[in-house]
Amino acid sequence: VSETRDEESFAVFPNPATQLVTLYCNAIENTNMYVEMLDLTGRSINKFEPVYLKSGFNESNFNVEFYANGVYLLRIIIDDDVIEKKLIIQDSGKNN
C-alpha cells in the first residue's frame, strides 16, 4: 500500500498573510516541491524557487509582501501530486 499526499499533508500560516507565509508539509520521502502562486482566474503570478524536502515534517517561507491584497491560490506540486491552497493577502503595505 503506497501513501499519497492530500490536502491534510499541507498547511499555510498565517492566513491571511501580510509579509511572509510559511508552508508546512509532511513529506512521504525526500523530494522537490514546486510552489506557484495563481490569481483566482488561474493565471500564474509567480513561480517560487523549488524547495528540497526531506522525508517527514518540513517548513518553507515565502515572501508575499509585494503582492496586492486579495485572494490567491498556492499550487503545490510534488512528484505527480498537485494540491491547491487558498491564500489571503491583506494589509501588505503595498498601495492598492
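Predicted model: local features only at pLDDT ≥ 70, side-chain atom pairs only at ≥ 80, totals over all residues.
Biologist: What makes up the secondary structure of the protein chain?

Modeller: The chain has zero helices and eight strands. Read from the N terminus, the elements run β-β-β-β-β-β-β-β. Of its 96 residues, 38% count as buried. Among contacts between residues at least 6 apart in sequence, 60% join residues at least 24 apart.

Biologist: Why is S60 called buried?

Modeller: Buried means under 20% relative accessible area. S60 has 10% relative accessibility, so the term applies. The residue lies in strand β6, residues 56–63. Leaving aside neighbours within four places in sequence, S60 is in contact with V21, T22, L23, M33 and V51.

Biologist: Why does I77 count as partly exposed?

Modeller: Partly exposed covers the range between the buried limit of 20% and the exposed limit of 50%. I77 has 27% relative accessibility and therefore falls in that range. I77 belongs to strand β7, residues 70–78. Beyond four places in sequence, I77 touches N32, M33, Y34 and V82.

Biologist: What makes β3 and β4 a pair?

Modeller: Again the requirement is at least two bridges. Strand β3 (residues 31–38) and strand β4 (residues 44–47) have three bridges, in the antiparallel sense, so they pair. M37 has N46 in β4 as its bridge partner. The two strands form a hairpin with five residues between them, and G42 in the turn has a positive phi of about 95°.

Biologist: How many bridges join β7 to β8?

Modeller: Nine bridges join β7 to strand β8 (residues 81–89), and the two run antiparallel. V71 stands opposite I88 in β8. This hairpin has two residues between its strands, and D79 in the turn has a positive phi of about 55°.

Biologist: Which strands form the open sheet, and in what order?

Modeller: The order is β1-β2-β6, with antiparallel pairing. β1 (10–13) and β6 stand at the edges because each has a single partner strand, which leaves one side of each without a neighbour in the sheet. From one strand to the next, the twist averages 20°. Four bridges join β1 to strand β2 (residues 20–27). F10 stands opposite C25 in β2.

Biologist: Which residues of the largest nonpolar core touch the most other members?

Modeller: They are L23, M33, F62 and L87, out of 23 residues in that core. The elements giving two or more residues to this core are β1, β2, β3, β5 (51–53), β7 and β8. L87 is in contact with V12, P14, N15, A17, V21, V64, G70, V71, Y72 and L74, leaving aside neighbours within four places in sequence.

Biologist: Why is the pair R75 and E36 called a salt bridge?

Modeller: The cut-off is 4 Å between a side-chain nitrogen of Lys or Arg and a carboxyl oxygen of Asp or Glu. The closest N and O atoms of R75 and E36 are 3.9 Å apart, so the pair qualifies. The pair links distant parts of the chain, with R75 in strand β7 and E36 in strand β3, 39 residues apart. R75 is partly exposed at a relative accessible area of 25%, whereas E36 is buried at 11%.

Biologist: What makes E36, R75 and E84 one network?

Modeller: R75 also forms a salt bridge with E84, the closest N and O atoms being 2.8 Å apart. Salt bridges that share partners join E36, R75 and E84 into one network. E84 is partly exposed, with a relative accessible area of 33%.

Biologist: Why is R43 called exposed?

Modeller: Exposed means over 50%. R43 has 51% relative accessibility, so R43 counts as exposed. R43 forms a salt bridge with D39, the closest N and O atoms being 3.1 Å apart. D39 is buried, because its relative accessible area of 14% is under 20%. The structure holds three salt bridges.

Definitions and conventions:
Residues numbered from 1 in each chain as written. Heavy atoms only, no water. Buried < 20%, exposed > 50% of the residue type's maximum accessible area, 1.4 Å probe, protein only. Contact = heavy atoms within 4.5 Å. Axes fitted to C-alpha atoms, helices over the stretch in contact; angles between N-to-C directions. Core = buried A, V, L, I, M, F, W, Y, C linked by side-chain atoms within 4.5 Å.
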